[in-house]
Amino acid sequence: MKELHGTSSASVNAPPERCIALFEAVGDYPSWHPEVVREVEVLDQHEAGHPSRVQTKLHVARGPLVKDFDLLMSVGSDGKREVKLTKVHTPDSGSEVFEVTWRVLEAGAGTRISLDLVASLDVPRFLPVGGVGDGMAEGFVAAAVKQLSS
């Protein structure tokens with residue numbers, strides 16, 4: 001297992017509510033970040049209407065790491081400041097960890113968005129993965145900024 005950690009943040013000219021709505025709408029991720037999020041099937045929804053459990057197909061191609069992941073993920077949101085996606089462990093899902101946390105903070109006239117990524121992935125031991133987590137986080141934030149700016 002290789003441990004990946006990444007973080008990225010940016011300021012956007014969008015209200016916090018719009019940012020949270022974008023991050024909660026996990027089923028739409030393939031439309032604004034198709035390089036990584038290839039497919040999302042919404043399996044369950046919260047009473048508020050956003051997904052609570054999704055089946056995802058992620059494609060990671062950063063540096064020497066090129067791998068596809070088929071992950072069952074839970075989606076949690078406080079509706080105001082944080083959306084968290086966490087890999088759900090099942091008897092046949094392996095011990096990989098994949099967790100993404102979006103945070104939204106009002107910042108003067110704009111909004112500050114940030115993403116923290118933590119993963120423990122089953123990749124070859126000799127494969128160098130330094131910087132891959134930050135690269136993935138930066139890619140997600142850049143795609144979100146572009147979507148929120150449109």
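Contact here means heavy atoms within 4.5 Å, and helices (H or I, at least four residues) and strands (E, at least two) are DSSP runs numbered from the N terminus. The structure is a predicted model, in which local features need pLDDT of at least 70 and side-chain atom pairs count only at pLDDT 80 or more, while totals for chains, interfaces and linings use all residues. Residues are numbered from 1 along each chain as its sequence is written, and side-chain values use heavy atoms, with hydrogens and water left out.

**View 1. Contact of helix α1 with helix α3.** Arg-18, Cys-19, Leu-22 and Phe-23 of α1 meet Ala-144, Gln-147 and Leu-148 of α3. The residues of this contact divide into five nonpolar, one polar and one charged, where Ala, Val, Leu, Ile, Met, Phe, Trp, Tyr, Cys and Pro count as nonpolar, Asp, Glu, Lys and Arg as charged, and the others, Gly among them, as polar.

**View 2. The aromatic pair of Phe-23 and Trp-102****.** A search of the whole structure finds four aromatic pairs, a pair being rings of Phe, Tyr and Trp (its six-membered ring) with centres within 6.5 Å, and planes under 30 degrees apart counting as stacked, over 60 as edge-to-face and the rest as tilted. The ring centres of Phe-23 and Trp-102 lie 3.9 Å apart with their planes at 5°, so this pair is stacked. The pair links distant parts of the chain, with Phe-23 in helix α1 (residues 16-24) and Trp-102 in strand β6 (residues 97-107), 79 residues apart. Both Phe-23 and Trp-102 are buried (under 20% relative accessible area, 1.4 Å probe, protein chains only).

**View 3. The aromatic cluster.** Phe-23 and Trp-102 belong to one aromatic cluster that also holds Tyr-29, Trp-32 and Phe-140.

Methods. Buried < 20%, exposed > 50% of the residue type's maximum accessible area, 1.4 Å probe, protein only.
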